[in-house]
Amino acid sequence: MSAIIIALVQVVLFVFLAPLLMGVIRQVRATIEGRAGAGIWQPWRDLRKLLAKNPVRGTDSSWMLRVGPVALVVSSLLLCVLLPLVGTIPFALIPSDLFVIVSIMLIGVVALALVGLDGGTAFGGMGSSRHMTVAALVEPTLLLSVYAFSIPAGTSTLSVIVETRLLSPELIISPVSVLALVALSIAIMAETARLPIDNPGTHLEVTMLHEAMTLEASGRDLAWLEVGSWLKLAALLGLVSNLIVPWGIVTDFSTLGLLIGVVSIAVKVLVLGVLLSVGEIFLAKVRLFQVPELLAGSFALAFLAVTASYLVA
Amino acid sequence: MFETFFPQLIGLCTGALLLTSALMVWRHSLLASIRLLALQGVALAALVAVIGIAEGESELGLVSLLILSVKGIGLPWVLAYQSKASIKQIQESTRLNPTAALLAVTLLSILSYVVVSRVFGLGDSSTGHAAPIGLAMVLIGFLLLISRRRARSQLIGFLVLDNGIATTTFLTSGGVPILLEFAVSLDVLLVVLILHVFTGRMRTKFGGTAVDQLRELHD
Amino acid sequence: MTGIGAGLLLQLGLGALAVVTALLAAPSLRSRAGGILCTLIAVTGFITGLAAMLGATGGLLIPVALPMDPLLLAPDRLGGLFMLIVSGVGILVSIYSMSSTSGPDASRTAWVAMPVFLVGMQLVPAATDSVSFLLAWEIMTLGSTVLLLADHASRASVASAGIWYSAMSQLSFFFILAGFAVLAAASGGTSFSNLQAIEPGSAAANVAFVLLLLGFGGKAELVPLHVWVPRVLPEAPSHVSAAMSGAMVKIGVYGGLLVCVRLLPDGPAWWGIAIMLVGGASALYGILQASVSSDLKVLLAYSTTENMGLVFLGLGASMLLRGYDATAAADAALVAALLLAVSHAAFKSTLFLGAGAIIHATGERNLDRLGGLGARMPVTAVAFGIASLGAAAIPITSGFVAEWMLLQSLIHGGRQGGAVVSIAASVAMPIAVAVIALTAGLALLTFVKAYGIAFLARPRSVEAADAREVPSLMRISLALGALSVLALGLLPGPIAALVATTVSSDPTAAVQTVGLGGVSLPGIGAVLDPIMLVVLSALVAIPVIVAIIVSARRHPHRTVDLPWGGGGSRARPRMQYTATSYAEPLVRVFDDVLKPSRDVQVTHVAESRYLVEHVRVEQTVSDVIETRLYRPVLNLFQRYGKAARHVANGSIHRYLTYSFVALLIVLIVVSL
Amino acid sequence: MSFVLWIPLVGPLVFAALSLLLRGSSLRRFVGVAASSAVLVSGLFLISAVLNGDIPEGGGGILRADALSAYMLSVVGAVGLISTWGGLSSAASSRTKNAAGYEALIALFLAAMSLAVLADSIGLMWAAVEATTIATAFLVGHHRTRRSLEAAWKYVILGSVGVAIALLGIVLIYAASVGTDTPTLSWILLSQSTRGLDPALITAGGALAVLGFATKSGLAPMHSWLPDAHSQAPAPVSGLMSGVLLSVALYAILRIQSITNLVIGPEFLRTMLSIAGLLSLLVAASLLIRQRDYKRMLAYSSIEHMGLMAIGVAIGPAALPSVLLYILGHGLIKATLFVLSGRILKIEGTPVIADVRALLVRRPGLAIPWLIAMAAIVGFPPFSIFFSEVGIIMAGWSVGLGGVVGAALVLLLVIFAAFTRLTVQMTIGAPATTVPPSPQAFTPDYSTHGPILPIILALATTATIAFVAEPVGTLLLQATAVLGGTN
């Protein structure tokens, strides 16, 4: 029961939080760059606008253009349900298992890539191809870094991992954990199409990954694609923040605890978002064919983390 | 009386056998080879007769006659079945120069001596001492087969080889059962006849009897 | 006679009947009659296999004129499982092929070979001694070879595929034969019960292990013995490819299990590591080649190598872990390997049948000339899509469950009760996880590409534009395949529990069913319930769908020719990304491994060197292992064969010299 | 029962005489078939006698039919029947003046082989083997072309020389028996373990005899006559030579081996036969890689199979049942293949593989049996060669010849690949014409160009014989026991 409530809270919170996070990130960046910015509520306004438009679809596009965005949103929502964001009380039958989480995320990745291809234009295919290449190369890092986190906890269930770190904070600053965290962060940057892998702000066709796939989508199709991506970013930032700073998360269900959990995760995510935005100021997008090097580096870190945690411990 | 001469007689016959074989390697004239072959047949028959007398087996006398008629007379006659004038001119151009061939004969003789001494332990009988001659003849016959280009020369080589086997037979075990001896002779005769027919055909098809023309079948 | 024996006998009888029918039936009836009989064979095999898997015993004795251990066909539980897999694929394939009424697929030869192939495949797992195993194995090979050649008159490449396949099959066969012979020599009998008495650490066991691994690895398409795969599976008729990849390859897996689980169960650690290495290398190499391939069937063929590599990776991990007494993880890894095999049978045969449907509809298997088939062939598109999800290991398909279980066993394998199991395991496990992760990532790309390029977007050729949905029997077969992929993915609990009984002495300790068909690994503490996942997704999807319905009522969509089209209205279908371009970034990333050959030809305009008339770019990715490993050896053989002709140069003197030398040698040896 | 022993010897001779008398009669064509049937029927009679525990003897102990002899006699008859029956069309077409002689020589050939397997004396056995050379000399040269003459010459020279070496060996064996109380060539007497034969003589004699008979059984390095003779002889003759003549020589080796085993143990001949077998496989492998002629291809395949059989003989009793079954399977299939190759040669007019393309599309009537027989000859089940090969390989490891058998497997793989490639080149694929001008211009030829029944019989027999545990299994065991094996 408590698991259901927490899940519900997480979903509602993150549906609210994700556009806000995007707004904050963009606003912080604009402010630092000396621009006025559109305000932190602009993503909400964009969404309302998109939902109120008649979507335009090509004759050759198939049902994928309709289903794909929904699949992306659902997969991101499932992440919000399953990840230990507000609380660490998992469902008995579908705990927040690392591999399940990753594959649910992959559903979204696949849906987005297929939507990109469905348009039947060069740009959609290009974005889809690059997106999938990055996704394929990022997966070893992603799995290995969380594998490294899982070793001290003895399980691949993320809730338990977070709880373990809450109980023994010395784990957080162990070299293994730091290595793994860096690797995971790079992987998440890649998965969520952030700098330095992709430039979310660009509309220069040759360089873009994520945006290229959504070019042919419009109206509510585009809205769902955007929401799905935002939700994913928010949820993953939530996960990272809970891995770094697990305090505040609900481990034993209580109304007060829940409230603290909600507030703390919202703060953690937003702070992390600000940090991300600030960080991105100093980063340039790397060339597409240098992305593998970056990912290989992060993979090496993750691998080191895993073997170190076996051999050191 | 006979016992004293026996070793000498055996030695004489086997010596004649080896000598004729070696000469055949040396000589290039076909006619000479055929004559030597006839001589070899006679020597073989004589060897059988001597052994027969020594062993006191009348059966061997019969065998001796058989050998004389087939190897001493019949086969040489078949081989020389052509006007003597033409056959005189046939000179064999061997694939091996005579010096090397004779050296090979020596080596083969030594080898057969070693082999037979190991296998039979030579013993003290005179036949045992002579036994390497048979094997040497087999090997010399083989050498002839390998080194001769003409069909009939090869045939002669085959016959020397066969004589060698016969020599070995008589020197080691005093002959095989008469039935087998008969069968062997018949076989040899038939083979020679068949090869003779083929030689004739070869002459019509290839216009000559050089065996190294037979090179159409290969991989 | 027991039920199992009767089932096996019935299969043989039906097989004979099918052969006779194929020989005698009129061409118009042949496919129907043959298909029905083959379906019956497969159904019989399915029932027999199920019974054997549930523990029924009994068998069929084959008489033989030579003095050998009796040739007994009596499947055990594991054998039953593989009979089940094979016959399941057999059912799909038989139904599918029934609808071809003309051409090579409906030829007499094909329909004679099909039952032989099916029966042969099903008898291999039933064998209880090495000779009957080899017998069934070779019957299977013979049947598949003939089937492969069915199309020989239309494409020259079929003949070359046939040669490769026969030679590689024979290589496998000889390895297996030699392996069994070594074991039989050491144990004094040819029956498996004799063979398994051999001491695990002995030299004979080591030699036999390597030989058998090579043999079965060759059939299971493992690197570097996989070279026949990218030639054979594409060139065979699609339903035959489905049967080969879905079923026959599993027989190779069965062989591996037979060796590792039954005959030589307690091998040294390096066995497990060796299998993991081979499996891991195959998985990576296979998926890398698949991901850059533009030929749909070549892609599927290489993906088979990948999947089998994962199966063997699991098997090797299980051996390694069992050696260190990490029983729970070892059991999980083994069950995962089996589940992967089962699920691969389901999705890969569906994929190959789907490819067959595409070829049926368009005559094309080059992805670069396909596109837009989703709207034209909806049933095929859905079935192929579901199977692709399975191949990409996406929930809620069968492939996901298997890969999940494998990963679970690996990450829990490095440690037991908080202590490191061994250095070997703690290095091997992370590498294995990384390999699986990269494999999974690339598989995702591969199947997004395959599905997206073929079924989505706009048709890239006239053939694709004119495609029509395939006949009903093919659709039924495809639908059955897709359903099985989903069923295996939704109900992993009972299936895994059943599978565990075939390899584990204590199956309930390894795998249990939780919830509605969910699976739990009690020794590891991992739980997965796909049905709950579906329920959860449905719950979160409801608000979204409601929002869509509301929005759609207020703001209906508009259909235009091209919404944006890259900013222009002249975006023709040719300008779309093709499969080749889709994989281009990957080719660049893995340039060192794939060694693509690029050829750029620039034709300048006659007037000026600075103006280009046209540019032609050609890029081919060939199988590195074939070009670097096999080609040189084959060329060497060719040169040797040419040189060896001098041995028989026709000179009688030379021939006589051979005899003479032999005689001299014998004489010398005798006198020594 | 002993009169049955004479049927395979006298019967063919009578038919041979008939063939010479029946000049011009169409019945003459069937002389070979009748002679083979006589041999086969008497062989089957003798088998049933042997299985009832009887060992017929005749001719004052010269002829003897134990399980092995009876089995071999039946193989001779069966392969002869397939070859002559299958070759009826080619024999009928050659209505030349020497056709009578052809049929008579075939009958003589059969009689000689029957004598070789029935003779109790090694000497007689030798004479009979030599007689096969004489009988087949003109058969090989039957076509009277330059090539066939060349083949015949090589065959007679190499064959006779080889068999002469065997005679030398037999003489030495006899010499060994002279050293005991009763000089004899009867192998039944020689293979009594209590005779105390001189080991050195037996070693030398056995080695030379085996070397000599190896020539006739086509074992390298004495094999050189075989590809030429097989490729030039008329198809039925090639079938007979490849199918049984080689095996009859192998039978002689088996008999010699059973004598030497008692005196000097199996090691010496085991080494020798292993080397010969491997060399044969090597030669076959080397020359099949770039083979151009399909009849020579079949000839090299015979060398290959004889090589493997020799390895089986080297292995000893554990492999002997497999070897014996191998003799039958190889004989029947090789006869079938040669008969078919004769038909292909006649209809296509070329023995060159590269010139015969797309046979399966153009002439399915010939290509289908050809392909089935090919599958059988390379060792696919259910054909009995599969069991023989598996049996030999398995037995090889069990007696410690793992290295030999392993090397054999490597060579067999090369041979298999080469063989498959050549077969595929001949049969598989589309006809060379790019665009057929009209559908009528290209109609597949379903005719089998000769009797198909013998081919079906041969294939069916080979496919089923390995599964007939009774009485074939018992017979093979008894035949092995004859050679001193207890297995």
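First, a definition: between two axes, angles under 35 degrees count as roughly parallel, over 145 as roughly antiparallel, 65 to 115 as roughly perpendicular and the rest as oblique. This is a predicted model, where local features need pLDDT of at least 70, side-chain atom pairs count only at pLDDT 80 or more, and totals for chains, interfaces and linings use all residues. Residues are numbered from 1 along each chain as its sequence is written, and chains are lettered from A and ligands numbered from 1 in the order in which they are written.

Helices (H or I, at least four residues) and strands (E, at least two) are DSSP runs, numbered from the N terminus. Axes are lines fitted to C-alpha atoms, for helices over the stretch in contact, and angles run from 0 to 180 degrees between N-to-C directions.

In chain D, helix 3 (residues 67-86) packs on helix 19 (residues 453-465) at about 155 degrees, with the axes 8 Å apart. Helix 3 of chain D and helix 19 of chain D are therefore roughly antiparallel. Helix 3 of chain D supplies L81(D), I82(D), W85(D) and G86(D) to the contact, and helix 19 of chain D supplies P454(D), I455(D) and A458(D). Contact means C-beta atoms, placed from the backbone, within 7 Å.

Now chains A and C. How many residues of chain A are in contact with chain C? There are 70, touching 72 residues of chain C. Helix 5 of chain A gives the most to that side of chain A, with 18 residues.

Conventions. Contact = placed C-beta atoms within 7 Å.
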